Amino acid sequence: MYICKMSYSSAMKKRYQLLKRVSIILIFFVLFTKMHAVEPQYAESQDIQKTETNVEVEEHPQDYIVIKIPFQAKYKPLFICIIVLALSSICFFIIYPLLLYVRESKRKRTAQRELTREKELLSLSLEKSNIYAWKYIEKTNAFICDKEFFEHLDMPFRAFTLQEMAEAIHPEDRVDVLNTFYHVKNQPDSKTHTQCRCNFNGKGYIWYELRYVNPTEAMAETASIIGLITNVQHFKDKEEELMRAKDLAIEAELKQSFLANMSHEIRTPLNAIVGFSNLLVSEDDLPDEEKADFINTINTNCELLLKLINDILELSRIESGNMTFSYSTCNLNNWVDSMYLTHSLLIPKEIEFIKEVPDAAFFINTDVNRLSQIMTNFLNNATKFTKSGYIKLGYEIDFSTYEVSIYVEDTGKGIPKEEQRMIFERFYKQDEFVQGTGLGLSISMVIAEKLGGKISVASEIGKGSRFTFLLPYHNESEEFFSAG
């Protein structure tokens, strides 16, 4: 429409210029004719005998003078020019614009038919793919969607206000969608998209993808924002199915890996127990020292097998959700003293065992047995991988974040950075030749999360490691700390 108006205006301008030039030429022609015309000689009026006649000017007698010549006869070339100019004006100002109007009307009808056809094809394709157009008009504060959108929802056609649109969006997605909407609204020529759950007809939330475009100035008169709304519930359902299938596959793989590891871990101590027991029975002439070593090996493997079975039972309780917790008030200073006395007998003499606690006692509300289980795993690992130096057990208080950091620090071999997350996976062992089930840290991680805390590790190869259990506490603990 805009192009047609421009072409029509340009054509009219050209016609006016042409008509102006023709008019100037005719005016000059008239002046030229007037200047070069021969004026007849007239006699005195009393000497002239007036006679009316219908004789042509060219045929009048020589002794007569023509005094009343019609304009068209006297200025015949000028008269012809005036007629031509009048006819040209009629053509330019009446016939030619009419022809232009007819031609432009035909073009408009053709363009409208093409637009209607393309709109129908586009509607068919969008309807098949559950894509619908919408626009937001700021003057009326209304969202207007295609009629097909309401047919898809099985509800009557209507406009939504911004408030109604916001209420239809799921509360968890509402802030993100509104922030995106206002961002596009305030940024000219911007576009973006987001996914959210909406409930337009009160039958439940459905996943939609909203696409926003801030239109150009030429389109801004009809809408402040335009866009598309796509029903993506089908894709979300398929995505969920794929995630469930993936989880099942991972679970099956973990079970298979679990059974393979369990078979290996159980067979190793059993073989040692059976083998050394047979040696003790079959060999009568064994020295007493060697018998003591065999018995010590059998006892060690029995303890390892018992720990493995306990870990498996603990893992089973975790998987089934039957892990129980018993909360009580715990004096951390007394608890550290108890852990120190228990493990000071298990840590080799060549390794210094240190405890580090504040002077005043600090109380927290937790499950003492589960806390001891986590720190026992930390201390056992520190004992396995530390050959010299020290092992330190202690805790620190961060009054600004209301957190207690209970830690075990050692000067052992350290853990490579790329393995520091892998050590919390089931059956992962940093050194396959070191005794252990590979379940302790994974169980400790689950217990820590159940207690509301988290485990972190800081380690450097050749310098040692520090395992920390970070546990939040309530303000009341500070009162106990101050009183202590």
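Start with the largest cavity, which has a volume of about 110 Å³. A cavity here is a set of points on a 1 Å grid over the protein atoms alone where a 1.4 Å probe fits but cannot get out, and its volume is the space filled by probe spheres set on those points, which are joined across faces, edges and corners. The model is predicted, so local features need pLDDT of at least 70 and side-chain atom pairs count only at pLDDT 80 or more, while totals for chains, interfaces and linings use all residues. Residues are numbered from 1 along each chain as its sequence is written, and side-chain values use heavy atoms, without hydrogens and water.

Now select Trp134, Phe143, Leu162, Met165, Ala166, Ile169, Val177, Leu178, Phe181, Leu210 and Tyr212: they line this cavity, each having an atom within 4 Å of a point. Next, colour α5 (162-168), α6 (171-186) and β5 (206-213), the elements that give two or more residues to the lining.

Move on to the largest nonpolar core, with 41 residues. A nonpolar core joins buried Ala, Val, Leu, Ile, Met, Phe, Trp, Tyr and Cys residues through side-chain atoms within 4.5 Å; buried means under 20% relative accessible area (1.4 Å probe, protein chains only). Pick out Leu332, Trp335, Ile374, Met375, Phe378, Ile406 and Phe469, which touch the most other members.

Which residues does Phe469 contact, leaving aside its neighbours within four places in sequence? Among them are Leu371, Ile374, Val404, Ala448 and Ile455, where contact means heavy atoms within 4.5 Å.

Last stop: select Cys145, Phe160, Phe181 and Ile229, included in a second, separate core of 25 residues.

How values were computed
Buried means under 20% relative accessible area, exposed over 50%, partly exposed in between (1.4 Å probe, protein chains only). On a 1 Å grid over the protein atoms alone, a cavity is a set of points where a 1.4 Å probe fits but cannot get out, and a pocket is an open set with protein on both sides within 12 Å along at least five of seven lines; lining residues have an atom within 4 Å of a point. Helices (H or I, at least four residues) and strands (E, at least two) are DSSP runs, numbered from the N terminus.
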